[in-house]
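Student: Hi! Could you walk me through this structure? I'm new to it.
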Amino acid sequence: MDMTGDIAVADQMLGAVAAWREMAAVVGDDVGNCPVRSVLDKVGDKWSMLLVMTLSGGPLRFNEIKRRVPDISQKMLTQTLRDLQRDGLVSRQVFPTVPPAVEYRLTKLGESVLGPFGALVSWANQNHGAIFAARAEFERKTAASRASKSADFAPISR
């Protein structure tokens, strides 16, 4: 994509955020019943987008997904794949073999999230250094503040 296309996509995303904020203002910033919230909760959970990105290279069997994402438990992998199926992002195909082979692939809807999510991944790649530095600074200040407060309450030796 060229620079003009990048700017157009960025403008579109900013427009979507602005529209969401306007909608939130209409309901008094009570976004608890916002229909977009449950979708964003799924995108923001620990495993869903990692599995979508893993499947972005093409269909995979369950055990291959497990090998590529070794820190996910079998139970959580099963549940997350089921949730992604329910949301229409992933399809599941069972092959009539013994034992049955099961293959997962992204649906068209699942593929459509790769662009926006790719933009977020790109942003994270560009900014992870600054985020790690901010975390370290926060921890340094928090530790210094705790040390200062505990010194204020230290017992007086006589």
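Predicted model: local features only at pLDDT ≥ 70, side-chain atom pairs only at ≥ 80, totals over all residues.
Tutor: Happy to; we'll talk through the helices, then the sheet, then some single residues.

Student: OK, α3 then. How many of its residues are buried?

Tutor: In α3, 6 of the 8 residues are buried, so this helix is largely enclosed by the rest of the structure. Buried means under 20% relative accessible area, exposed means over 50%, and partly exposed is in between, using a 1.4 Å probe and protein chains only. The buried residues of α3 are Ser48, Met49, Leu51, Val52, Thr54 and Leu55.

Student: Where is serine 48, and what does it touch?

Tutor: Serine 48 is in helix α3, which covers residues 48-55. Its relative accessible area is 0%, so serine 48 counts as buried. Not counting residues up to four places away in sequence, serine 48 touches Lys42, Thr80 and Leu84. Contact here means heavy atoms within 4.5 Å.

Student: What about threonine 80, where does that sit?

Tutor: Threonine 80 is in helix α5. With a relative accessible area of 3%, threonine 80 is buried. Leaving aside neighbours within four places in sequence, its contacts are Trp47, Ser48 and Leu51.

Student: At what angle do α3 and α5 pack?

Tutor: They pack at about 80°, with their axes 10 Å apart. Axes are lines fitted to C-alpha atoms, for helices over the stretch in contact, and angles run from 0 to 180 degrees between N-to-C directions. α3 and α5 are therefore roughly perpendicular to each other. The contact is made by Ser48, Leu51, Val52 and Leu55 of α3, together with Leu77, Thr80, Leu81 and Leu84 of α5. As for the word, 65 to 115 degrees counts as roughly perpendicular, under 35 as roughly parallel, over 145 as roughly antiparallel, and the rest as oblique.

Student: Which residues of α5 are buried?

Tutor: Leu77, Thr80, Leu81, Asp83 and Leu84 are buried in α5. They cover an arc of only 160° around the axis, which puts them on the same side of α5. The arc is that of the directions from the helix axis to the C-beta atoms. The buried residues of α5 pack against α2 (35-43), α3, α4 (62-68), β2 and β3.

Student: And what's on the other face of α5?

Tutor: The face turned away from the buried side of α5 carries the exposed residues Gln74, Lys75 and Arg86. Just after α5, glycine 88 takes a positive phi of about 85°.

Student: Switching to the sheet: what order do the strands have?

Tutor: The order is β1-β3-β2, in an open sheet of 3 strands with antiparallel pairing. Its edge strands are β1 (60-61) and β2, and each pairs on one side only. Two strands pair if DSSP finds at least two bridges between them.

Student: How many bridges join β2 to β3?

Tutor: There are 6 bridges between β2 and β3, which run antiparallel. They form a hairpin with 5 residues between them. Valine 90 stands opposite leucine 106 in β3, and valine 94 has valine 102 of β3 as its bridge partner.

Student: Which helix lies across the strands?

Tutor: α3 lies across β1, β2 and β3, running at about 95° to β3.

Student: Where's the cis peptide bond?

Tutor: A cis bond joins valine 98 and proline 99, with omega about -10°. Most peptide bonds are trans. Proline 99 is in the loop between β2 (90-95) and β3 (101-106).

Student: Last one: is lysine 46 buried or exposed?

Tutor: Lysine 46 counts as exposed, at 65% relative accessibility. Lysine 46 is in the loop between α2 and α3. Lysine 46 and isoleucine 72 are 26 residues apart in sequence and 9.8 Å apart in space, C-alpha to C-alpha.

Conventions. Residues numbered from 1 in each chain as written. Heavy atoms only, no water. Helix = DSSP H or I, 4+ residues; strand = E, 2+ residues; numbered from the N terminus.
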